[in-house]
Amino acid sequence: MGSLAAIYRHPVKSLGEEALSSVTLTTGQPLPWDRCWAIAHDRSDFNAVEPDWVKPQNFVIQSMCPELAQIKCAFDEESGALTMSHPVAGSVTSKPGKDDRLSAWIGPIAGASGPGPYRLANVPGQALHDFPDTHISIGNLASLRALEEMAGRKLAHIRFRMNLWIDGFAPWEELDWADSEITIAATRLRVIDRVKRCNATNADPETGTRNTDIPRLLHGRFGHMDFGLYAEVLNGGNVAVGHQASA
């Protein structure tokens, strides 16, 4: 038996995260307001006229631009206002879907993903995750602490962009939970896959540079690059930090 230790959403793909104290999960749906938008570059296959899910490489992403790790964000659901800040790009407040200020703001730190002009991307009713199946990501804090021991340094959780962090379980225990269920309060989630890690996790959110090769560490120790889980919501409901969790 463990507990839900933290909840995070990422309104714009690869551009910051926001901590929540509680959230309502809906059956078959992603975390509310998570990856609702992304920033497409000029070589993107994303079609705004007939929007559909496309691969992450069509967007400005941290695996290509480690500087994005330094972005901080805050989203006001009631007003729709999203505020972002970065040491180089400065600050901006926009209302995605009503204006596209983010596309101009991201320019100074987006070039490695693809050339401008940049444009806001959205697929109504679908989150812009790394693959098209709807999911919520879950990480085990005990595994993060074990990974920190392997790396010889603290590793900020934002490197992994999980939605839910659980604690009170054994390190790496979650990697054996394939097709099993996780219960948090009254909600039930089914594990659908492990998360295979790429070099997006290598970026230090303090400096915006790559300083730890996470995939190489994982592969060297375990022969794979998996860290964390993808899950789908079977029974929805409200979850809050501190709620009991079991698997």
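This is a predicted model: local features need pLDDT of at least 70, side-chain atom pairs count only at pLDDT 80 or more; totals for chains, interfaces and linings use all residues.
User: OK. How many bridges join S5 to S6?
Analyst: Five bridges join S5 to strand S6, residues 81-86. The two strands run antiparallel.

User: Which residue in S6 is the bridge partner of Cys-73?
Analyst: Met-84 is the partner of Cys-73.

User: What is the strand order in that sheet?
Analyst: The order is S5-S6-S7. The sheet is open, has three strands and pairs them antiparallel.

User: Why is one side of S5 and of S7 left without a neighbour?
Analyst: Strand S5 (72-76) and strand S7 (90-94) stand at the edges. Each has a single partner strand, so one side of each has no neighbour in the sheet. From one strand to the next, the twist averages 10 degrees.

User: Zooming out. How many helices and strands does the chain have?
Analyst: Four helices and 15 strands.

User: What radius of gyration does the chain have?
Analyst: The chain has 17 Å. A compact globule of 247 residues would be near 18 Å, so the value agrees. The C-alpha trace spans about 50 × 40 × 30 Å along its principal axes. Buried residues make up 53% of the 247.

User: Take Leu-102. Buried or exposed?
Analyst: Leu-102 is buried, because its relative accessible area is 1% and buried means under 20%. Leu-102 sits in helix H1, residues 101-105. Its C-alpha is 9.8 Å from that of Val-12, which is 90 residues apart from Leu-102 along the chain.

User: New topic: backbone. Which residues does the cis peptide bond join?
Analyst: It joins Gly-116 and Pro-117, with omega about 5 degrees. Pro-117 is in the loop between helix H2 (107-110) and strand S8 (119-122). Most peptide bonds are trans.

User: And what about the phi of Arg-35?
Analyst: Arg-35 has a positive phi of about 50 degrees, though it is not a glycine. Arg-35 lies in the loop between strands S3 (22-25) and S4 (37-40). Arg-35 is buried, at 12% relative accessible area.

User: Where is Ala-185?
Analyst: Ala-185 is in the loop between strand S11 (181-184) and strand S12 (187-196). Ala-185 also has a positive phi, about 55 degrees. Ala-185 is partly exposed, at 37%.

Key:
Residues are numbered from 1 along each chain as its sequence is written. Side-chain values use heavy atoms; hydrogens and water are left out. Two strands pair if DSSP finds at least two bridges between them. Axes are lines fitted to C-alpha atoms, for helices over the stretch in contact, and angles run from 0 to 180 degrees between N-to-C directions. The radius of gyration is taken over C-alpha atoms; the globule rule is 2.2 Å times the number of residues to the power 0.38. Buried means under 20% relative accessible area, exposed over 50%, partly exposed in between (1.4 Å probe, protein chains only).
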